[in-house]
Amino acid sequence: MFSKRIFEIEFTAALNEELDRRNMTVRELSEQTGIPVSTLYKVTLGQRDPRLSTVKKIVSVFEPERHRFIAVIAAKFLLDSVTTREVESGGQTFAIKGYSAHSLDECIVAAARAEKDGASGIICAPILASIVEKIVDVPVGMLRPELSCVDEAVGAVLKKVG
């Protein structure tokens with residue numbers, strides 16, 4: 001993944017690797033990013049360090065789905081009840097994408113899969129959040145149950161017990 005590779009090696013080397021891997025010319029990258037060809041040539045030759053805005057434009061071409069969805073890891077019946085499918089923040093629209101999981105193992109696998117798929121962030125149960133935070137490099141939020149849900153669950157257990 002290009003966005004991770006740029007932190008492992010020098011940006012110029014990562015950019016040239018990615019251009020080679022995609023059989024893409026600097027001119028084609030310029031057309032897709034709107035960055036002048038001369039600027040991109042200087043960056044690919046190591047004659048200029050790119051601005052953050054330049055890096056963002058390049059990453060958005062190589063990873064167009066990156067930073068466009070929030071993953072929610074939960075049981076299928078909870079995911080089916082989610083009515084919000086998109087949210088907006090900072091002028092960007094993020095989709096809400098569900099990852100069904102019914103065990104601790106499935107939740108960890110779902111978190112890894114969501115990150116690999118390019119999730120901007122992950123939402124999961126509080127008991128999982130601290131584990132998920134240790135294995136992914138995206139923000140993790142907790143899905144907290146409402147008090148009424150807890151009251152309902154207590155009532156259901158009491159009916160079974162008594």
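Select Pro 126 to begin: this residue lies in helix H8, which covers residues 126–135. Helices here are DSSP runs of H or I with at least four residues, numbered from the N terminus. The model is predicted, so local features need pLDDT of at least 70 and side-chain atom pairs count only at pLDDT 80 or more, while totals for chains, interfaces and linings use all residues. Residues are numbered from 1 along each chain as its sequence is written, and side-chain values use heavy atoms, with hydrogens and water left out.

Next, select Pro 145: from C-alpha to C-alpha, Pro 145 and Pro 126 are 9.3 Å apart in space, and they are 19 residues apart in sequence.

Proceed to Val 150, which has its place in helix H9 (residues 147–161). Val 150 counts as partly exposed because its relative accessibility is 39%.

The cysteines follow. A disulfide is a covalent bond between the sulfur atoms of two cysteines. In this model, the term is applied to a pair of cysteine sulfur atoms within 2.5 Å. How many disulfides does a search of the whole structure find? The search finds zero. Select Cys 107 and Cys 124 to see why: the sulfur of Cys 107 has its closest cysteine sulfur in Cys 124, at 7.2 Å, which is too far for a bond. Cys 107 counts as buried, at 9% relative accessibility. Then select Cys 149, whose closest cysteine sulfur is also in Cys 124. The distance is 17 Å, so this pair too is too far apart for a bond. Cys 149 counts as partly exposed, with 42% relative accessibility.

The last stop is Glu 18, in helix H2 (residues 11–21). At 8% relative accessibility, Glu 18 counts as buried. Select Phe 2 and Phe 62 as well: leaving aside neighbours within four places in sequence, Glu 18 is in contact with both Phe 2 and Phe 62.

Conventions:
Helix = DSSP H or I, 4+ residues; strand = E, 2+ residues; numbered from the N terminus. Buried < 20%, exposed > 50% of the residue type's maximum accessible area, 1.4 Å probe, protein only. Contact = heavy atoms within 4.5 Å.
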